[in-house]
Amino acid sequence: MKAKPFIKWVGGKGQLIEQLEALLPADFDRWENVTYIEPFVGGGAMLFHMLQNHKNIKTAVINDINADLTTSYKVVRDNPTELVDSLKEIQHEYYLLKSEEERKQFYMLIRDEFNTKSLSPIRNTTLFFFLNRTCFNGLYRVNKSGLFNVPFGRYEKPTICDPITIYADSELLQNVEIMTGDYQQTFDRAQGRTLFYFDPPYRPLSDTSSFNDYAKEAFNDLAQIRLKEFCDRVNEAGFHFMLSNSDCKGKNEKDNFFDVLYEAYKIERVWASRNINSNPNKRGKLTEILVHNYVETKARPRVEYVVPELEPMYAAENAPDYAAVN
């Protein structure tokens, strides 16, 4: 059974896994007793990939400020059978509804119950899964009071319960520490050969393109600067990091926010599809940035020696599909 994200999550890294793998440190697979930390775990596509493909990871730590999300990780890890039984029950109730109006009314009742914030972990996670599968585009968005406010998605028979994925994920998460709160608390878990992978709320490409309201606390430019300062702390301590974010320069050539902010590090640009816009004409491929504090990557390892007259040929054959900025 292959583990994979158990929820839909805006900005999930499933489509970028190969590019992210290629940009890991060149010697990563030779590291021993690796500590892997994701301070913004989100849907966990990178987490599940790393744990299944890099057996030298002996310690894994994930964190998120979204308590509903981290609770779901804990329930999947610790109580998979109870969760599956609960999800089967709510899925059965939903499938019995005959009309869209009935399904919408049921959805609104579940959303109201979820927003009481007084549920057991299993019930909270059951409703979290249900809303994720039946809300508009699988979004998670809250208002300033922290209440989930995504409208009904009009899905007739979505897969609410996926036992195979839940059990596979549960097995993989057994030795993962799950934290809830500010990402900076994860620094204390770093030890020895540590790799941080940061996938924070993305900087919006326009005033109307923000889908990062998954917590009532705003992640604005000051928050992006604070994160960069945390990356400096990680770097100064001798640990490695990778960081993903939107490529503002790809939308506006004059927007050098990240190029200036991370000028001390290596910046790569990778291609990603964006499918969350309600207007199909505005969906498509855009570049994202990938920042890291090491030079040699799997895609661009250090060359011990290249015969001078063959160097242009070597460079052409080994050119990656993405552009290095620095």
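1. Which residues of strand 4 point one way, and which the other way? In this predicted model, T194, F196 and F198 point to one side of strand 4, while L195 and Y197 point to the other. Residues on both sides are buried.

2. Strand 4 covers residues 194-198, and 5 of its 5 residues are buried, leaving the strand mostly covered.

3. Strand 4 has pairing partners in strand 1 and strand 5. With strand 1 (residues 34-38), the pairing is parallel and runs over 3 bridges; here T194 of strand 4 is the bridge partner of T35. With strand 5 (residues 240-246), strand 4 also runs parallel, joined by 4 bridges. In that pairing, Y197 has M242 of strand 5 as its bridge partner.

4. Is helix 6 largely enclosed or open? Of its 14 residues, 11 are buried, so helix 6 is largely enclosed by the rest of the structure. The buried residues are N124, T125, T126, L127, F128, F129, F130, L131, N132, R133 and T134.

5. What covers the buried residues of helix 6? The covering elements include helix 3 (67-78), helix 4 (80-95), helix 5 (100-114) and helix 7 (163-172).

Conventions:
Residues are numbered from 1 along each chain as its sequence is written. This is a predicted model: local features need pLDDT of at least 70, side-chain atom pairs count only at pLDDT 80 or more; totals for chains, interfaces and linings use all residues. Side-chain values use heavy atoms; hydrogens and water are left out. Buried means under 20% relative accessible area, exposed over 50%, partly exposed in between (1.4 Å probe, protein chains only). Helices (H or I, at least four residues) and strands (E, at least two) are DSSP runs, numbered from the N terminus. Two strands pair if DSSP finds at least two bridges between them. Contact means heavy atoms within 4.5 Å.
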